[in-house]
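Try each task before you read its solution.

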Amino acid sequence: MSSLRILFCITPFWPQMGGLEKHVAELAKRLVVRGHGVTVLSIHASAPLEEVWEGVDIVRVRPLVTLGGIVAIPHPGSWYRAIKHVKRHTAYDVVWTHTRFFATSWLGASLARTFKARHLHTEHGSGFVNHPSVFVATGARALDELFGKRVLLRADGVFAVSHAVASFVEEWTGRRPLVTYNGVDEVFWQHGDLQELPAELASWLGRRTPLLFMGRLMTAKGAHIAIEAMSKLLDSEKSKIALVIAGEGPQKEELVEKMKAAGLEGVVYLAGRLSPESIRSLLARGCYLNPSFSAEGLQTTLLEAGMMNSWIISSDTRGTDEVVNSPEIGEIVARENVEELTKAIQRWVARDMPRAEGRNDLRAIFSWDVVVSQTEKAAIAYVHKKHVVMLRSNPVLPDPRIEKEARTLAQELRVT
């Protein structure tokens, strides 16, 4: 299989490691292992301008401004310097962008034309931006119509991280992406030898069963809804369980105030960022609580909880039913509905806080080996217009829906 020279053009990257960053990081380092040359052009306020991480060349741009703590606009002078650097060192077969409304996706599309490279785009959102501020939501929708839609329509190849994302893109633009899922780290299939929790958290938790919220502390992720649900539980229920909130973000101080106002200091613990070992330990012991109402694709945290056989209580964000597909795995409730979330927690407690059934089925679809193999073959097909060898006989595509989309890709490339 021929090697590619790939330039990922994204807003955030290592050492910042949210869901999108982790997706790109895992894909990038594994493509390096497979013999491809990978450079990441990203935006960061303070990390070194140039660095090598896991064999991946990182070139960073300083931000001019960051909107809402999420969307970074690059400083023009810093961007120009970075582009001169990447042009001087190599030519690229692929410029790969992620998430349509990031400035790096619009700029990356332009770079692809400059480098005469294929532009591939991976979409992570399953809907339009959902924000309580009408101003923010309206502005985000305007950016989508002006720039985001153009990115999706003009890219040489478009991928989606879940079927929900693919459906959204198709409904909005008429173009059907190829689904290349988020992967899950192999450690989430290894349930033995879990490290203990940090001493302070372990002491606070005691013998209670944890409900774990993990994610960025921002309104659309719903941590405030989880706290409201905890406040409505009976004292007898609170004595058995405790909510651990793992993550950082702009809503943290508001959540602390909300917790104190409800008198929940002994029931809710804001843990900040926890190590992967601590996350696995909490998932192995209890329930994953996901009250998110953001317009994102299939959340990696849902997959990780499924792999750990954690009971899952989740809002009905698009894609959730791809993981929570049985009443013996968890429960899906209406988004932004405190009453339904509370009742789901109470039902779980009343059943003596069961674990979920084993999820070996997830491994066949969501392991990084499967995800990277499929993505690599599709990328090479787009670059070289060669036929896509990933149909019925290919063991890395056990999901018939993916096989169908592989055939769609072959037709799009006019492969015979």
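**Exercise 1: the surroundings of F8**

Find the residues in contact with F8 in this predicted model, setting aside neighbours within four places in sequence.

*Solution.* Select heavy atoms within 4.5 Å of F8. With those sequence neighbours left out, the contacts of F8 are V24, L27, A28, L31, V38, T39, V40, L41, W96 and H98.

**Exercise 2: the nonpolar cores**

Work out how many residues the largest nonpolar core has, and which of them have the most contacts inside it.

*Solution.* Start with the count: this core has 74 residues. Then look at where its members come from: helix α14 (residues 368-384) gives the largest share, eight residues. Finally, note another core lying apart from this one, with 34 residues, including A229, V268, V349 and A356.

**Exercise 3: strand β9 and its partners**

Describe which way the residues of strand β9 (residues 157-160) point, and trace how β9 is linked to β8 and β10.

*Solution.* Begin with the side chains. In a regular strand they alternate between the two faces of the sheet. Here G157 and F159 point one way, V158 and A160 the other, and all are buried.

Now the pairing. Strand β8 (residues 118-123) runs parallel to β9 over four bridges, with L120 opposite G157. Strand β10 (residues 178-179) is also parallel to β9, joined by two bridges, and F159 stands opposite L178.

β8, helix α4 (residues 134-154) and β9 form a right-handed β-α-β unit. From β9 the chain crosses through helix α5 (residues 163-173) to β10, in a right-handed crossover.

Terms used
Residues numbered from 1 in each chain as written. Predicted model: local features only at pLDDT ≥ 70, side-chain atom pairs only at ≥ 80, totals over all residues. Heavy atoms only, no water. Buried < 20%, exposed > 50% of the residue type's maximum accessible area, 1.4 Å probe, protein only. Pairing = 2+ DSSP bridges. Right-handed = clockwise from strand over helix to strand, strands pointing away. Core = buried A, V, L, I, M, F, W, Y, C linked by side-chain atoms within 4.5 Å.
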